[in-house]
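Keep the 3D view open as you read.

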Amino acid sequence: MVTHCTRPLPFTSLYCRVGDATMSLRTAGSVLVVFLWSVTVVLGQDGWSVTYTTQSICALKGSTVELTCSYTNPSGTVTSTFWFTKIDDGENFVNLTDDPEYKVRVAYRIDRMNGHTLKITNLRESDSTEYKFRFITDQTGGKYFGNPGVTLSVTGLQVKGTPATVTEGQKVTLTCSTTCTLSDNPNATYIWYKNGHVTNQSTSLFLNPVSSEDAGRYSCSVEGHEDLPSAEETLTVTYGPKNTSVSVSPSGGIVEGSSVTLTCSSDANPPVDKYTWYKKNVTSPKATGHSYNISNIISEDRGEYYCEAQNTISSNNSTALMIIVAGKQTLVLTAAVGIIVVVLVVILCLSGLMWFRKKASKSPSDTRDTADDGQGDSIPVYDNVSSLAMRPTDKQDDIHYASVHFSRSKNQEVPLYSTVQLSQTQKQEEDVQYAAVQFNRPSAAT
């Protein structure tokens, strides 16, 4: 029983579905072609047929796909073979190599056993359609195409999160999704990227619990097709204020009458929308706002201050900051003491330096004086001493003395000699003469 019949275009075949089979009744003749949906073979009457290796293919966007078929004809020589997806207004089958959308991306390959392969590169999602093969012979009416053809589905990769925006501490599952099961890799393994860097390799990416560090741009690719990643997807993690802190300006000593500005900082998403200032052991808030200014400060303002940062999720307090207010006299006294200490330290340092330098310069000089005492290469100095003529009354004296005094610089090396000459009379009578020599020099050595 015929349940449904259609004629796609005028003067084309009439297709009728009968039970589990589809029948094609050609209006120009009595040729009957039966297509079985459960197999890839297209059967034709009187030996005309086209056999496709598969009825459907799912491929990645940007990849390359090949569609293959074989054909038979009862007589005549095949003069033309091609693939098509549409028929123009003149009821002409448009060869893909002539189609502006395909001609630079398709190529045919023919083998000796009536095999024919269609290769499409740089697949687009718009390429998703049904592809059919047609051949023409040199016989009258010798034209045939296989119907149904091969259905091509082109899919891109898409990152899906459940949900895409989460609050810190929740669970997130990211899935690399396709619109169809890939024909060349039905059990595909996916590679995950965060901000362009590989982070994991699995079918799905689990973040449990999610933290603020997990926020970023995520994409995925199929193993073996790493050059065809998905578009990056906006994972947004919201969290309450944290790392809240207080800074003070100026940072030096605070004296009565001056001004102080306290600033509160915090990390939050969404950003902090309210800052509140408190003084420890004081119940009521001191101020609100990102900064708190205390002008003309007095001693009663001393104490510990902290801020509270708050957004739509939660709030967080900073650690307390101690503010010490010094009186003006105290500040002057402190400065004076500091100056005195610095001066004393400088004096001690200079004194020590001078003592070390003096010691260092003195030691080599003393060593040189000691070492040079015995050397005789200096200029000799002679002093002739003549004894006085003895008076007749002095003949009974046995010993005469002569004293010679020499003075020289500390560093001058001078060998000293003393010659004592006696008078002729004295020389004949006396056997021993003495000369006393006294040396005067800075060290007072005799």
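Predicted model: local features only at pLDDT ≥ 70, side-chain atom pairs only at ≥ 80, totals over all residues.

**From the cores to the surface**

Leaving aside neighbours within four places in sequence, leucine 152 is in contact with Ile57, Ala59, Val65, Ile120, Leu123, Asp127, Ser128, Thr129 and Tyr131. Leu152 also belongs to the largest nonpolar core, a set of 23 residues, where Leu152, Trp83 and Tyr131 are the members with the most contacts inside the core. Which elements give two or more residues to this core? They are β6 (49–52), β7 (56–60), β8 (65–72), β12 (115–120), β13 (129–137) and β15 (150–155). The most comes from β8, which gives 4 residues. Apart from this core there is a second, separate one of 22 residues, and Val159, Tyr190, Val210 and Leu235 are among them.

Now move along to strand β29 (residues 303–310), which is joined to strand β26 (residues 274–279) by 6 bridges, the two running antiparallel. Here glutamine 310 in β29 stands opposite lysine 274. β29 also pairs with strand β31 (residues 321–323), again in the antiparallel sense, over 3 bridges. In that pairing, methionine 322 in β31 lies opposite glutamate 304. Strand β30 (residues 315–317) is a further antiparallel partner of β29, joined to it by 3 bridges. Look for asparagine 316 in β30, the bridge partner of alanine 309. β29 and β30 make a hairpin, with 4 residues between them.

Tyr292 and Ile294 make up its covered face, while Ser291 and Asn293 make up the uncovered one. β28 runs antiparallel to strand β25 (residues 260–269), and 4 bridges join the two. Within β28, asparagine 293 is the bridge partner of threonine 261.

Next come the charged side chains. Side chains of opposite charge can pair when their charged atoms come close. How many salt bridges does the structure hold? There are 6. In one of them, arginine 109 meets glutamate 66 at 3.5 Å, N to O. This pair links distant parts of the chain, with arginine 109 in strand β11 (residues 106–110) and glutamate 66 in strand β8, 43 residues apart. Is arginine 109 buried, exposed or partly exposed? Its relative accessible area is 44%, so arginine 109 counts as partly exposed. Glutamate 66, at 38%, is partly exposed as well.

Another salt bridge joins lysine 242 to glutamate 168, with the closest N and O atoms 3.4 Å apart.

Glutamate 304 is partly exposed at 28% relative accessibility, and lysine 280 is partly exposed at 41%.

Finish the walk at helix α1 (residues 328–372), where isoleucine 340 has its place. Ile340 is part of a nonpolar patch on the surface, formed with Ile339, Val343, Leu344 and Ile347. Together these residues have about 460 Å² of accessible area.

Key:
Residues numbered from 1 in each chain as written. Heavy atoms only, no water. Patch = residues over 30% accessible without salt bridge, like charges linked within 9 Å, V, L, I, M, F, W, Y side chains within 5 Å. Areas by Shrake-Rupley, 256 points an atom, 1.4 Å probe, with all protein chains shown as cover. Salt bridge = Lys/Arg side-chain N within 4 Å of Asp/Glu carboxyl O. Core = buried A, V, L, I, M, F, W, Y, C linked by side-chain atoms within 4.5 Å. Buried < 20%, exposed > 50% of the residue type's maximum accessible area, 1.4 Å probe, protein only. Contact = heavy atoms within 4.5 Å. Pairing = 2+ DSSP bridges.
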